[in-house]
Amino acid sequence: MKYIGLPSGIIAAFRGIAGAAVILLVMLLTGRKVDFKAVKKKLPVLLASGAAIGFNWILLFEAYRFTGIPVATVCYYTAPIIVVIASTFVFKERLKAKQVICVFVALIGVALVSGVFQSDSSKITGVLCGLGAAVLYASVMIMNKFMGEVESYERTVIQLGSAGIVVLPYALFTMGDITFNPKSVMLLLVVGVVHTGFAYLLYFGAMKKLESQTVAILSYIDPASAIILSSIVFMQLPTVYELVGVVLIMSAAILSEIRKKEKKYDK
């Protein structure tokens, strides 16, 4: 995103439309049939979740701009913690002791990376954007629980497509005077086609062969790799406070995904 040099709205709109086009093309080439009845039944939720995805990307890209990749990425991955809290209200689930501890530890981690203890207010905007993106992503995770009848490929095509379409007016309204050059166009294509379209296809392929908990845990390679690469490529080295905050947030998020397997006894 750093080298594209375009507004976050433009990147988010193109990412959604390009990603949806790639997955739709693969569906057509592989002869996957669309269950239009299920899609029509869940269309309002699909469109709402798609809009949330689009604005979630905008906030995440703004977080990158204001506070750097490591802090923004870690704040974004508080989404599972937010889902745990929201589930107590949406699904009337009771918080367990482990979940309460995870929430508390994650909040301490967010406070550390935000710069509050260092009186560094310059990062707060970026942290708030990252947390806002996490809230929107958490809302998508919750809405997905109501779409069991819609297959993952169909769901993702509609969500990505609607994300791009919903964000497009915002992108056009806020883009100002921008200049497209070969470098920005090429990187934009990479983000939309490779990092969105093919990345989602690989994700679906993994889900078919791995347990859901394993997929959830492996997803945390994303923020870890983002932190390492940003440190190497952009020299965005975390401070001691940020490093401790990162460890706390990541530990809480991963712990919240771990479920004890129920023991089966032969009768």
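This is a predicted model: local features need pLDDT of at least 70, side-chain atom pairs count only at pLDDT 80 or more; totals for chains, interfaces and linings use all residues.

Me: What percentage of the residues count as buried?
Reply: A residue is buried when its relative accessible area is under 20%. The chain has 267 residues. The buried part is 43%.

Me: Of the contacts with a separation of 6 or more, what percentage joins residues 24 or more positions apart?
Reply: A contact means heavy atoms within 4.5 Å. Take the contacts in the chain with a separation of 6 or more. Residues 24 or more positions apart account for 86%.

Me: How far apart are the end C-alpha atoms of helix α3?
Reply: Helix α3 covers residues 43-67, which is 25 residues. At 1.5 Å a residue, the helix should span 36 Å. The distance in the model agrees, at 36 Å.

Me: Which residue just after α3 takes a positive phi?
Reply: Look just after the end of α3. The phi there is positive, about 90°. The residue is glycine 68.

Me: Is isoleucine 53 buried or exposed?
Reply: Isoleucine 53 lies in helix α3. Beyond four places in sequence, isoleucine 53 touches Val140, Gln159 and Ala163. Its relative accessibility is 9%, so isoleucine 53 counts as buried.

Me: What distance separates the C-alpha atoms of isoleucine 53 and serine 162?
Reply: Isoleucine 53 is in α3, while serine 162 is in α8. The two residues are 109 residues apart along the chain. Their C-alpha atoms are separated by 8.9 Å.

Me: Which backbone oxygen does the side chain of serine 162 reach?
Reply: Serine 162 has 8% relative accessibility, so it counts as buried. Leaving aside neighbours within four places, serine 162 is in contact with Leu46, Leu47, Gly50 and Ala51. Its side chain also reaches a backbone oxygen at 3.1 Å. That oxygen belongs to glutamine 159.

Me: What is the relative accessible area of alanine 171?
Reply: Alanine 171 is found in helix α8. Not counting residues up to four places away, alanine 171 touches Gly9, Ile10 and Ala13. The C-alpha atoms of alanine 171 and isoleucine 10 are 5.1 Å apart, although the residues are 161 residues apart along the chain. Alanine 171 is buried, with a relative accessible area of 0%.

Me: How much space lies in the second largest pocket?
Reply: Rolling a probe the size of a water molecule over the atoms shows where empty space is left. For the second largest pocket, that space is about 160 Å³.

Me: Where is threonine 78?
Reply: Threonine 78 has 5% relative accessibility, so it counts as buried. Beyond four places in sequence, threonine 78 touches Val110, Leu131, Ala134 and Ile249. Its place is the loop between α4 and α5.

Me: Which residue with a positive phi follows α5?
Reply: Helix α5 covers residues 79-90 and reaches 15 Å, close to the expected 16 Å. Its buried residues include Ala79, Pro80 and Ile81. After α5 comes a positive phi, near 55°, at lysine 92.

Me: What is the relative accessible area of isoleucine 124?
Reply: Isoleucine 124 lies in helix α7, residues 124-144. Buried residues of α7 include Gly126, Val127 and Cys129. Isoleucine 124 is partly exposed, with a relative accessible area of 33%.

Note on methods
Residues are numbered from 1 along each chain as its sequence is written. Side-chain values use heavy atoms; hydrogens and water are left out. On a 1 Å grid over the protein atoms alone, a cavity is a set of points where a 1.4 Å probe fits but cannot get out, and a pocket is an open set with protein on both sides within 12 Å along at least five of seven lines; lining residues have an atom within 4 Å of a point. Grid points are joined across faces, edges and corners, and a volume is the space filled by probe spheres set on the points. Helices (H or I, at least four residues) and strands (E, at least two) are DSSP runs, numbered from the N terminus. Buried means under 20% relative accessible area, exposed over 50%, partly exposed in between (1.4 Å probe, protein chains only). A polar contact is a pair of N or O atoms within 3.5 Å; within protein, one must be able to donate a hydrogen and the other to accept it, and residues adjacent in sequence count only if both atoms are side-chain atoms. The expected span of a helix is 1.5 Å times one less than its number of residues.
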